[in-house]
Amino acid sequence: MTTLAEETGETEGTGEHSAAWSDEDDWTPETLRLVRDLRSPHRRKRTGQIAYTLYCVALLLAVWGALPTMGLFLERSMGADYSGHGPAILAALPAGSCALGLGWLLVAAWDAQWRGPVVPPRETVDWLLAQPVRVGRVLRPWFWGSAAITGGAGLLVAAIGAVALSLTVGVGLPAAFGWCLLGGCGLPLLATSLATAVEGSERVARWARLATPYVGMAVLALVAQAVMAVGGDRLPALERVELWSGPWGWAGLAALAPTPASLPGGPAAGVLLTVVVAGALAAAHRFAGSLALSAVRRRSRTATGVMAALRTVEFRTARQAVAGVTGGARSARWRLPAPRRPELAVPWRDTLALLRTPGRLGRAVVLGVPAVLGAVLAASAHGWPGVAAALASLVFGYWALTQLMEPARVETDDTRRGSWAPYPYRGLMLRHTAVPVVLGLVGALVAAGVLAGEGAGARALLAPALVPPLVGASLVNACRGATKHHLLMSSAQSPTGSMGPVLFLGWYAAGALAAVVTLVVPFLTALHSGSAASVVTAVAASAMVTVIMVRWAVTRIGNLTAPLAD
């Protein structure tokens, strides 16, 4: 007699679930009927919650999207001209669309390494899937639910692209939307299918982990290329190679098809993308019914733990849970000779810790690239775009340097870990800044050399000058102490609602917010002016912020060890 799994094609990867079940053991209709009856009150409540969420999303899209868009089209009908932005959009579209498509695939593959598109709730995994039921009947609806969510997000991206092309290039809105829809919905659905393969196959997941840093660097390179294209430095031959390199490029070819910058093969690329997406969805639908229950159970529990950490605003706990599943805690076998001088013990340990987690060094380099690009954009942009670019440069610079501060954050997770050191706890924590400052200065000096070669002049000195205050801000945040949940429930009110989340964010990111807000004005002034006086003023401001951050960090360190003897 054939087993139930053999009959339904769900033999691969189901393991213990379908090992010896036959037709007589198939209780799928009865079990699902019982579950529907038991969950009917909860399902009605859940349906109401989903309907309310969709109503809020639709309201936000109407207020912040549809009405302003209608206003822009009305202004154009009355003579407003937006065509001045058309050449920049068309120049950025080839590399920008490739970056967006690759980035979407990258995020989906990373998410599938710890969660995935097919993750039922704990009660479904622990009870329902332990019964003699067809796995596909339970898991496939979750796959299609994830596909619907990502497809809806892609639909919004397609609408934004269509409006931009229609206003700035003069393409008809229906035609622009139809061509943008091919990539806008196709790539998210393809990403969901890829994520299902990553979730169900350890081999695919291993390849995804290996490819992640290289794909991330490719995305950043494409973003940099798009910025250069907007500035007039285009590489047409490279753009054509990128557009034909895969589905992430075919979407851009399709979006360019109705514009004056269309390239040969746009319709063919659209048809090819549609066929690939349809095939991927069909394969993912079949694959979703053969996922190993052990993997589904592990991901469901991890997702539950991460959501619990996020609900209690324990972001570090959530990051650690994700890193433990995605392989973020893997260590390389690096060795360094032990230092001969005791004062080098802490820098030696910190350097060894970073070498054994090369992902952090890689993320520091990757995040440093948009920091430099933001500074370049801020130097040439004025008004609010310049301010936004300067803020982005400082924020990415902070994120890059904070990757190197993990040894200090580990030390503050449990202050008893520092008992090995012959220094007071305050001195130990300050010594943890040595390696981030040195590595940050090395990277900043490399960036400054490149910028000086491109004619930045004295402004290139801003890069190394910003390293000490941003490292100090990272130390302040690392020493924040226990989470202050009571701030979220503060009774303070504002015209827009409760001030609790704002107060909590101010406490959680106090160091970074203070440093960025203080430095953005002298930083942007020096970028615009380029004079020696403005650069010296910015360097002096950086030194002042560094002193403030160190004193603030010392105070917080003292609060961490207040019950203990130093």
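Me: Is arginine 115 buried, partly exposed or exposed, and what is its relative accessibility?
Reply: This is a predicted model, and in it arginine 115 counts as partly exposed because its relative accessibility is 32%, a value that lies between the limits of 20% for buried and 50% for exposed. Aspartate 111, by contrast, counts as buried at 16% relative accessibility.

Me: With which residue does arginine 115 form a salt bridge?
Reply: As a general idea, side chains of opposite charge can pair when their charged atoms come close. Here arginine 115 pairs with aspartate 111, and the closest N and O atoms of the two are 3.0 Å apart.

Me: How many salt bridges does a search of the whole structure find?
Reply: The search finds 5, and among them is the one between arginine 360 and glutamate 406, whose closest N and O atoms are 3.1 Å apart.

Me: Which residues are linked with Glu406 in a network of salt bridges?
Reply: Arg360 and Arg409 are linked with Glu406 in this network, the contact between glutamate 406 and arginine 409 being a salt bridge of 3.0 Å from N to O. Glutamate 406 and arginine 409 are 3 residues apart in helix H16, which means that about one helical turn separates them. Each of the two is buried: glutamate 406 has a relative accessible area of 14%, and arginine 409 counts as buried at 14% relative accessibility.

Me: How many disulfides does the structure hold?
Reply: A disulfide is a covalent bond between the sulfur atoms of two cysteines. The structure holds 0 of them; for cysteine 185, the nearest cysteine sulfur is that of cysteine 180, 11 Å away, whereas a disulfide would require the sulfur atoms to be within 2.5 Å. Cysteine 185 counts as buried at 18% relative accessibility, while cysteine 56 is partly exposed at 26%.

Me: Where in the protein is confidence lowest, and where is it highest?
Reply: Where pLDDT is low, the predicted coordinates should not be read in detail. The mean for the protein is 84, with 92% of its residues at 70 or more, but helix H1 (residues 4–8) has the lowest confidence, at a mean of 41, and helix H20 (residues 467–478) the highest, at 93. Over residues 1–18 the pLDDT is below 50, although this stretch has 45 contacts in the model beyond near neighbours in sequence.

Methods:
Residues numbered from 1 in each chain as written. Predicted model: local features only at pLDDT ≥ 70, side-chain atom pairs only at ≥ 80, totals over all residues. Heavy atoms only, no water. pLDDT = per-residue confidence, 0-100. Helix = DSSP H or I, 4+ residues; strand = E, 2+ residues; numbered from the N terminus. Contact = heavy atoms within 4.5 Å. Buried < 20%, exposed > 50% of the residue type's maximum accessible area, 1.4 Å probe, protein only. Salt bridge = Lys/Arg side-chain N within 4 Å of Asp/Glu carboxyl O.
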